[in-house]
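Dear colleague,

I am pleased to hand over the structure shown below. Please look it over before reading the notes that accompany it.

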Amino acid sequence: MNIKQLLNGPYLPYESAVYIIFDLQCSEVHVISRDVNSKYGIVKNQLQDPDDMTSSEERFLNNLTTHPQWRGGEDYAEFFDGAPPLDVIRQITRSRLMTGSIPVHHVVPYDRHDVNDAYRRDLLPEVTEMEEKHGGITYNNSDCLNVCIPRNMPPRFLMTKISICGYISEVELPNGSVLYEKEVSRYLSAEWREVVRSNALSIIKAAVGRSYGMDEAISSLLLSPRVDSWPRVMHQRLTVE
């Protein structure tokens, strides 16, 4: 098996995240959940250091990133799980709340803030650490619920992300290539996804309340009781194949 066969196989799991977008102008909260094929993040991770790949594999990965589905996928910081953020942005646009887009630099840099273990166990008791194998790739799923929050206050849309961490283990392939270890967002079942979506604001507050060094304007906004009264727009789930 080589890298091309791994990425072309039907067994790669999806990465899941729930995005909570605060519209500072209209005082509204948008909740969007998204599942992304983990190949996006894997490919970007591999291309950062192609030394342990064959020339054929490197060409394959470079050709993948020039495909139209990868346009706008400059998400090396993994806030959007390596995939183009445009579908999330378009869904907000369709609600006629904005006419432009949300630049990636309004999200990056960001920090990851963990939620207290006791709170996570109360919210999602079925989430435990576990190892899964998918076609030669080992996924180590953690039970760490976290919130990604930008370090700087944007002009209008504050985007945050809730996910559960995991990582893929490094794999030495029979042809001598190496699939590098990489952090991923754990796949959320339908039940877990709805729990996170319906408790999004309380999860964010739980993470912010135990964090230090966060931008004061952002933390004040996210912890403010007035945000609880903002209308909430629940968008449909998105899937990036």
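The notes below set out how the model was treated and then what was found in it.

This is a predicted model, in which local features need pLDDT of at least 70 and side-chain atom pairs count only at pLDDT 80 or more, while totals for chains, interfaces and linings use all residues. Residues are numbered from 1 along each chain as its sequence is written, and side-chain values use heavy atoms, with hydrogens and water left out.

Overall features

The protein has nine helices and 11 strands; these are DSSP runs numbered from the N terminus, with helices (H or I) of at least four residues and strands (E) of at least two. Of the 241 residues in the protein, 54% are buried. Here buried means under 20% relative accessible area, exposed means over 50%, and partly exposed lies in between, using a 1.4 Å probe and protein chains only. The protein exposes about 11100 Å², and carbon and sulfur atoms supply 47% of that area; accessible areas come from the Shrake-Rupley method with a 1.4 Å probe, and for residues only the protein chains shown count as cover. Among contacts (heavy atoms within 4.5 Å) between residues at least 6 apart in sequence, 70% join residues at least 24 apart.

Strand E6 and its partners

Strand E6 covers residues 157–168. Because 11 of its 12 residues are buried, E6 is largely enclosed by the rest of the structure. Two strands are said to pair if DSSP finds at least two bridges between them. E6 pairs with E1 in the antiparallel sense over six bridges, and Val18 stands opposite Ile162 in E6. E5 and E6 also pair in the antiparallel sense, over seven bridges, with Tyr167 in E6 as the bridge partner of Asn140. A hairpin of six residues joins E5 to E6. Strand E9 (residues 182–185) runs antiparallel to E6, and four bridges join the two; Ser185 in E9 is the bridge partner of Cys165.

Gly166 also lies in E6 and, at 5% relative accessibility, counts as buried. Its C-alpha atom is separated by 5.8 Å from that of Glu183, 17 residues apart along the chain. Leaving aside neighbours within four places in sequence, Gly166 is in contact with Asn140, Asn141, Ser142, Lys182, Glu183 and Val184.

Helix H8

In helix H8 (residues 216–223), Ile218, Ser219, Leu221 and Leu222 are buried. They cover an arc of only 160° around the axis, which puts them on the same side of H8; the arc is that of the directions from the helix axis to the C-beta atoms. The buried residues of H8 pack against strands E1 (14–23), E5 (137–150) and E6 (157–168), and against helices H7 (200–208) and H9 (225–228). At the start of H8, a side-chain oxygen of Asp215 reaches to within 3.0 Å of the backbone nitrogen of Ala217.

Cysteines

A search of the whole structure finds zero disulfides, a disulfide being a pair of cysteine sulfur atoms within 2.5 Å. The cysteine sulfur closest to that of Cys165 is in Cys144, at 5.2 Å, which is too far for a bond. Cys165 counts as buried at 13% relative accessibility, whereas Cys26, at 34%, counts as partly exposed.

With kind regards

Key:
A polar contact is a pair of N or O atoms within 3.5 Å; within protein, one must be able to donate a hydrogen and the other to accept it, and residues adjacent in sequence count only if both atoms are side-chain atoms.
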